[in-house]
Amino acid sequence: MTVARAVTCPSCGGSIEIRAAGYTVTLACRHCGSVLDVAHEDVRLITAYKRASANFAIELGSRGTLLDIEWEAIGALERRSPGAIWQEYLLFNPYAGYRWLVLADGEWQFGTLLLDRPEGSLSSVKWRGQTYTLDDSSEIETTIVLGEFYWRVARGDSVQCKTFARGSSYLSSEASGTEVTWTQLVPIDRRDVEGPFVVRQRYKPRPDLRAIREGYSTAPGMDENDLPMMFLVALGALFIIGILQNLLSGPSQCVSNRFDVVVGAADTTHKIGTIDVKRPWQFVTIKADTDKFDNRWVDLDYSLVDRRTQQSIDAYGIVEYYAGTDSDGPWTEGSHHGETLFARVPRGSYDVYVDAGSHGWPSDPRPDTLDPKNPWSAPSTVSVWLAACTGGYSWGMFWTFAVLLFGVPCLILWWRHQD
Amino acid sequence: MSKRLILFSLWSLFLIAISGIATWYAWSPFADDERPTSSAFRGPTHK
């Protein structure tokens, strides 16, 4: 037999009934959707805290000194009225008690609960000899609750609020049922809050364009206004490098061939053709393309055999493509194209050979496996097109030079504006 | 022309020269002719 038990959601304060107490470990709050760990007596909040705390400017638990007293932010509320939304932070000091920090439209106010109630009428009140006039009257609702409070508070609570103003100081009254509380709110400089408390960056006011321009002109090294010229020099140098690579890598000559490779069979040797390296040294590029296949790879062992000395230069290429479906959905890996670069190939005439073999993943197809719909079908093959060319160049080198050229002005730019 | 710009221009000239020499001798650290030949079993590596 199970016993029902009620717990209070630490996120919104709502009451939740656990119907299978003793069995239930996690429970979603039906009021705010927070996931709770109810296996512990103190009902831990699992997922909602981080999500909710990201909505607030001040991190709960952070401490700061305001008006010569060190306060700790222990609670936070997000509240809204028909025309505004703002945040309120409950500050605590064991000797001074509780205070409020209110953030609305980027402006901060410091709030103190009044023990002596103002006197007055509907349109104005008098407090400690000073008159405050009615500024706003509306119903406000609590939308997010985080942390701890000295009274019972829950998401969705509504109170009737009246605000009375005198210059930049305000008196705020909140009425809920028969209870009325008064709070004095005085403006406080944002730097006085952002200094001592940890305020999230997105809640800090953004610097205006003029400040950015001034920051740019006063950044270190700006007396040498050579950065645009450095970018131009880098661009020009990269252009020259491209031209040089193009001029010095030629002339180009290509041969090509096409053949089929049986999947799972022994490697076969094919001749692609004969190429002539006409400069003292040249790059040779071999491009491989295949027909469409899944879950196979084609090993390509290339050899450039010097026709005069019979010495060979070897390189390895591969074309592989895999596809499947797992818990994350369909996936693919690899491509049906491969490129292999030979460097420092000396002048001479070369026969280009390739030892090609294809295999299946996770295993080769069995040779005796026949398609039941077509028992006379041929074994599975992969068609491979190969093209070997002299006169190519290394794109890896080109992009390395691009990084070395543009890296310098980019580093200077970062150094100037790292703050 | 600042001293820094002169130094950077010299750096650019040095890289152009290196690029020209590397292309003339067809040298690249990204070549595939020093990679091991095929022998190992292969398969998808993203999982």
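Strands, like helices, are DSSP runs numbered from the N terminus (E, at least two residues, for strands; H or I, at least four, for helices). This is a predicted model: local features need pLDDT of at least 70, side-chain atom pairs count only at pLDDT 80 or more, and totals for chains, interfaces and linings use all residues. Residues are numbered from 1 along each chain as its sequence is written, chains are lettered from A and ligands numbered from 1 in the order written, and side-chain values use heavy atoms, without hydrogens and water.

Next, select β19(A), residues 296–306. Nine of its eleven residues are buried, so the strand is largely enclosed by the rest of the structure. Buried means under 20% relative accessible area (1.4 Å probe, protein chains only).

Find D301(A), which stands opposite Y316(A) in β20(A).

Zoom out to chain A. Look for five helices and 23 strands. Of the 419 residues of chain A, 41% count as buried. Among contacts (heavy atoms within 4.5 Å) between residues at least 6 apart in sequence, 62% join residues at least 24 apart.

Last stop: chain B. Select L10(B), in helix α1, residues 3–24.

Note on methods. Buried means under 20% relative accessible area, exposed over 50%, partly exposed in between (1.4 Å probe, protein chains only). Two strands pair if DSSP finds at least two bridges between them.
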